[in-house]
Every structure is written in C-alpha cells, then in structure tokens.
Amino acid sequence: MRKRNSGPKPRPAWRVPVELLTFALYFLCGVLLILSRIGHGAIAEARAELGDLSSPFLELAAKPAVEVRSVVARVHTYATMFSEIDRLNAENARLREWEWRARSLESKVEHLRKLLAAVDEPALRFATGNVIADARGPFVRSALINLGRADGLRAGYAVINGDGFVGRIVDTNESVTRVLLLNDLNSRIPVLVGPAAVRAIVSGDNSGDLTLDFAPDGAPLYPGDEVYTSGSDGILPRGLRVGALVGKGGNIRVRPHADLSTLDVVSVIFFDTPALLSSANPGKEACEISTAEASAPPVEKSIQVRKVDGVVAVPNTAAPIQQ
Amino acid sequence: MSLIVPGLTVFFTVILAAVPWGLPDDATFILPLAAVMTVFCWRAIPGANLPAIIAVVFGLLLDVTSGGPLGFWALLALAAASAGTRAQPFASRSDWTPLWLVWTGLAAILAVSGWLIASLYYFRWIDWWPIALGAVASVILFPLVWRLILRLYGSAYPRSDFVGRGAI
C-alpha cells in the first residue's frame, strides 16, 4: 500500500560543504597575496578603505598603550635617576661649548651669506600627529599615523621626530597615513656621511641598525660620523639628521638617532618637489605642475606648529654643523 | 551559539596587536601570533561559534593594520581555525596540556610557513629570529590565553555542555 503524501516535505537548507568553503578561503588568501605582490590597484583601494574604517578603533586603543609606555619610561627614569643626572650634567657642559661654537659659526655664515647675496631658503611647513599603530610581522617596519589626505599629506613626504629622520610616507588614506620606517627592508635613502659629505645609500634590513651601501672605496668614514639626507633623490629635503656611524672596518652600520620602535609624536614635512609632484601625477607635464603650484593657496613662509595632545613638537630640520 | 563573544575577543587581540606598545624589533611577531592563537583557542572549544570566514576577516584586518601584504595573516588565521576544529577532542577535559602540545606543534608549523611565505614574497631569506621568538612566546602564553578564553566562554555561556563537563 502506498503511503499518502501528507504535504510538501520541508526542503533541507542548502549548505556549502565546510571543506569547499575552507578551500575557497585558502585560495582567496593565496590570490590576495599574489595580488599584493604585484601591487594591484584593487588591493591598494581595499587596504585604504579598511585602514580608514579601522583608524578610529586604533586611535582609541593607542591612547592607553601610550600611557602604559610613558609609565614604564617613568619607572625606568626613577630607577636610573642618579646616573641620568650625571650624564645630563656632562652633556650640558658639552652642549654649552657647542652653543658657543654654533653662535660663532652662525655669525660667520650670516656674514658670508650677505657677501654672496644668498637668497633665503623658504621655511618648511609641517603637520604633527600621533602614531596609532605600528607594523607587526615579518614583512614591514612601518607606522600608521592619524594624519591623512585631509591634512594635505601625500606619498613621499619625509617624517621626522625630535631626534631626527624617521621615514617617509608610502600610503595616504583620507584620515590615516602609513609611514615606511628607515629600518624597513624596502627603505633606501640617499645620504651624506661625515664632515667630508661622502655620498652613500642607507638601507634598512628590518633590524635596529641600518646598512650603508654604495659608499666609495677608501672614503673617510669613522665611527660617530653624522649621517644626514642628501636630497639627491629629489624627494626628501637635504640635511635631515638620520643617525651616526657605528662599527669598524668593513662592518660599518648606521644607528638611527630616532628610536624607531617607540615612536609616539611625529611630524610630516610638506616638501613638494617636481619629482614628487610628477610621481603623484604621472600623466601630467611639468608645466601643469607649475600651474597647480601657482593656483594653490599661498603657503605660509614659516614653520607651523600643530599642538597634539598638549605636546608641541618642533622638528629639527637643520643639517648638522660641519666641523 | 552567538559569535559576539568570540568575535569581540579576536577583534580586541587584533587591535592590541596593532597598537604601538614600543616593543623591540625582535618582538614584532609575538602579538599578531597571539591574535592567531585566540582564533585557535575559540575554534578548539566544542560548540563555540567562530566561522572560518570571520577568522579570515580578522586576519585581513591584521594585514591592514600591520602594513603587510593582504592575505598573510589571513592565511595563518585560517590555518589556526582549521587546526582548532581538528583539535576539539583534546579540549574536552580540564587538562589543557594536550591542547598545549597541539598548539606547540601548530606554532612551529605556522612559524616555518610564515617565514617561507615572507621569504618567497621578497625573494630573499627573511630574518628567522623574530618569527621563532614569536612562536616560542606564543607557546609560553598559551595556558594564560586558554584560561582567559575558557573563563570568558564560561561566563558568556554557563549552560553549555563544554562548561558542564568541568573544563573550567
């Protein structure tokens, strides 16, 4: 006897097999990695969108982290207070001597500039912001700061802190910007080294110190020599303090003045050069760039200081005094 | 079972991993791997709801905040999620040692895979020391993270079978 059909059977809900979904996700990750490697535009856009979305959370979460860091630093200061006072006294004595020499040199330079009728260099504008995230992982040494295109930033601008050059901007979103730090594997900065102004390239290798490449054979390089940007790439301003030489013989490295693992407040220098503008607008001619510069709002010829969380940061953009 | 608690926990660890703590350069792998470990722990709890696709989304978020290529941490998070599901039988008792051993093996595999992918990405051998340090630190941190997640799970879902079996 046949059973009577008592009504439509409930259809089982269609579900994607878990294995298939997992395989698809592995495949997606692989595709994303390959697209990232070849620098696909869609990846950059997705990254920018996600970066803007996550920036409020990061900004919020960075505040307690910065507080924790300052508490740890304070405890360390208390622990080493007496030796620190001795060190500061010695440093103060040395700096007084340098102050006298600097004033003397300043007056000489002023006199020589008058003799040469030299034109004053325009002051650099800058904006100051906070580091809200730093890179974690085997790939990059970078930091995310809470300034973006809305603040007038663009890729290529130099980033400094009170100690010296920190890195340069590689990616700008509307409200956040990624800074490629000096010690990143992809970082290459043209520099001048020491009193002889030896030309070289400073490269990062994801470690604390930097590599000095392409220095001429037999160049007079000594530990302690100052390293500063040469500006020969046409993008970075000349004279930003990078670090000092350490090591001997064939194992000379550059130790950055800025502590790249504990960045907090940084400043971005608005230094627009033709090379930077043409890289930002690859299809446009130089004449168009001049037109854009002419139509841009007038730039205040003085250093702008932006107050961030009660801290006023004045970047030191001066080149080291030549001995 | 809701994915709010697992999702929020992993999101919190991802944000913590991105925040500038001022850790030394050699310690850059520790916090992201701790976020991946959180994914593993949640997936190892029978009945906890953390879909693999959510693990991938958080991995992508970690990629964005860390500035690395999209897909790297997503891949590691997905591998941890898959392994976590397979490790559920080891997590059904109050003894966390078997699961710890599973994580130790997985952390070694993830570290080697991560190092190989990173080296392949740049076509050069990446420094292995920070990755190894991160893996070792995650193994040391595992009991603490596991306990915290069990406590969260117990307070969020007090009537679940897993809690009833005296895992906490």
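Modeller: In this predicted model, α2(B) passes α6(B) in a right-handed crossing.

Biologist: How are two packed helices described?

Modeller: Two packed helices are described by the angle between their axes and the distance between the axes. Here the axes of helix α2 (residues 30-44) and helix α6 (residues 129-156), both of chain B, come within 9 Å and cross at roughly 45°. That angle makes α2(B) oblique to α6(B).

Biologist: Which residues of α2(B) and α6(B) make the contact?

Modeller: From α2(B), the contact is made by B:Ile30, B:Leu33, B:Ala34, B:Met37, B:Thr38, B:Cys41 and B:Trp42. From α6(B), the residues include B:Gly134, B:Ser138, B:Leu141, B:Phe142, B:Val145 and B:Trp146. By class, this contact has 13 nonpolar, 3 polar and no charged residues.

Biologist: How many residues of chain B are in contact with chain A?

Modeller: There are 41 residues of chain B in contact with 42 residues of chain A. On the chain B side, α1 (4-18), α2, α3 (52-66), α4 (72-86), α5 (97-122) and α6 each supply at least two residues. The most comes from α3(B), with 7 residues. By class, the side of chain B that touches chain A has 30 nonpolar, 9 polar and 2 charged residues.

Biologist: Where should the coordinates be read with caution?

Modeller: Where pLDDT is low, the predicted coordinates should not be read in detail. Chain B has a mean pLDDT of 85, and 93% of its residues reach 70 or more. Among the elements of chain B, helix α7 (residues 161-164) has the lowest mean pLDDT (62), and α4(B) has the highest (92). For the complex, the predictor gives an ipTM of 0.85 and a pTM of 0.71.

How values were computed
Residues numbered from 1 in each chain as written. Chains lettered and ligands numbered in written order. Predicted model: local features only at pLDDT ≥ 70, side-chain atom pairs only at ≥ 80, totals over all residues. Axes fitted to C-alpha atoms, helices over the stretch in contact; angles between N-to-C directions. Helix = DSSP H or I, 4+ residues; strand = E, 2+ residues; numbered from the N terminus. Parallel < 35°, antiparallel > 145°, perpendicular 65-115°, else oblique. Left-handed = near helix turned anticlockwise from the far one by under 90°. Contact = placed C-beta atoms within 7 Å. Nonpolar A, V, L, I, M, F, W, Y, C, P; charged D, E, K, R; others polar. pLDDT = per-residue confidence, 0-100.
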